[in-house]
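Trainee: Could you take a close look at the aromatic rings here? Please go through how they pair.

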Amino acid sequence: MKIKKIGILTGGGDCPGLNAVIRGITKKSIFEYNLKVIGIIDGFSGLLSRNIKRLKVEDVSGILSLGGTILGTSNIANPFRVPINDGGKLKFEDHSEGVLDYYKRLKLDALFCIGGDGTLTIAHRLVKMGINIIGIPKTIDNDIFETDVTFGFDSAVETIARATDTLHSTAMSHHRVMILEVMGRNAGWLALYGGLAGGGDIILIPEIPYNIDNICEKVKQRNLHGKRFSIIVISEGARPIRGRKVIKRIVKKSTDPVRYGGIGIKLGRDIERRTGLETRVTILGHLQRSGSPTAFDRILGSRFGTDALDLALKGEFGNMVALKGETISSVSLQEVSGRQRLVPLDSSVLISARSVGTSFGD
Ligand code: F6P
């Protein structure tokens with residue numbers, strides 16, 4: 001099949017490195033194959049509201065170091081579940097046929113969907129309707145199946161590591177327990193990597209429900225041995241052994257409506273009540289998704305972009321680019337959609353963290 005015209009969209013929450021992918025696809029398409037490139041605005045919203053723009057080399061020049069996405073994104077838009085206000089009541093309609101019509105009208109030969117599990121699951125359904133899609137995995141959470149890592153993760157880890165590091169000085173001065181709550185949804189990758197890199201004393205992840213007695217014992221022991229402060233990095237999706245995750249809000253229109261947040265505050269209260277040690281909580285929030293990508297994410301994003309184009313040129317639609325070791329390979333969207341990659345309990349990083357004395361609250 002000869003490819004002449006391609007589309008690119010970024011869906012779901014943004015993350016550093018998206019622009020490297022857009023740049024990679026666009027530049028290679030134009031420089032090496034003289035293709036027409038169309039940017040879809042605000043993820044699947046652009047396909048529903050028919051909002052697009054032509055991308056030329058000058059549009060993607062100078063964007064490598066920019067955070068976010070020059071195309072805009074949405075973590076609500078889903079062609080199979082379009083929210084409609086029906087006399088004050090929220091209901092959902094399937095507009096996927098409209099998206100298929102628009103794709104045909106645009107005469108796109110391939111569509112690149114850059115997104116997390118929500119976007120890739122929608123992409124997989126659109127593939128089954130006949131749209132030529134190549135998936136590109138992104139998320140700071142690093143929870144996508146079949147790829148060693150997603151771009152965005154490294155940048156967010158850097159932010160968490162720096163925050164964990166920085167908290168040490170005030171923790172030491174005031175002899176306090178400092179808690180840093182980080183993102184990651186149901187996966188503990190961000191807390192594990194960021195906490196280890198920043199020298200966190202206790203790291204709490206969703207995969208290992210924590211025992212509050214063990215945490216209190218650990219901070220008390222540290223005090224007894226002269227370390228009169230403790231730094232705890234906790235995933236937003238963590239929970240105590242006999243407790244629940246803390247939900248911050250439900251975004252009804254979103255494909256994945258649950259937003260976690262606040263477990264750090266609960267933990268702070270529990271530690272202070274049980275140990276009498278002064279405790280403060282920082283919720284790092286969207287700083288983790290913001291700012292300029294690290295060199296690693298710029299390189300991975302560029303490689304994903306250029307290699308995704310190769311997949312399209314070979315006609316390997318319905319697949320996603322993935323990093324396996326040093327190699328960019330391709331995996332079926334079928335294998336990826338609707339699944340979450342969690343931290344395995346025998347993870348070598350986790351074991352290494354335990355070996356340097358990090359507690360996981362178990
Ligand atoms: O999936 C990325 C992520 O940043 C999660 O870590 C976090 O739980 C969620 O998105 C936050 O979503 P929102 O931007 O809707 O608050």
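Mentor: Here is a walk through the ring pairs and their surroundings. This is a predicted model, where local features need pLDDT of at least 70, side-chain atom pairs count only at pLDDT 80 or more, and totals for chains, interfaces and linings use all residues. Residues are numbered from 1 along each chain as its sequence is written, and side-chain values use heavy atoms, with hydrogens and water left out.

Start with the rule. Rings of Phe, Tyr and Trp (its six-membered ring) pair if their centres lie within 6.5 Å; planes under 30 degrees apart count as stacked, over 60 as edge-to-face, and the rest as tilted. That gives three aromatic pairs. Take Phe153 and Tyr193. Their ring centres are 5.2 Å apart and their planes meet at 70°, so this pair is edge-to-face. Phe153 belongs to helix H5 (residues 153-174) and Tyr193 to helix H6 (residues 189-198), so the pair ties together parts 40 residues apart in sequence. Helices here are DSSP runs of H or I, at least four residues, numbered from the N terminus.

Now burial. Buried means under 20% relative accessible area, exposed over 50%, and partly exposed in between (1.4 Å probe, protein chains only). Phe153 is buried, at 5%. Tyr193 is partly exposed, at 30%.

Tyr193 also pairs with Trp189. This pair is tilted, with 6.3 Å centre to centre and 55° between the planes. Both residues lie in helix H6, four residues apart, about one turn of the helix. Trp189 is buried, with a relative accessible area of 6%. Put together, ring pairs link Phe153, Trp189 and Tyr193 into a cluster.

Definitions and conventions: Helices (H or I, at least four residues) and strands (E, at least two) are DSSP runs, numbered from the N terminus.
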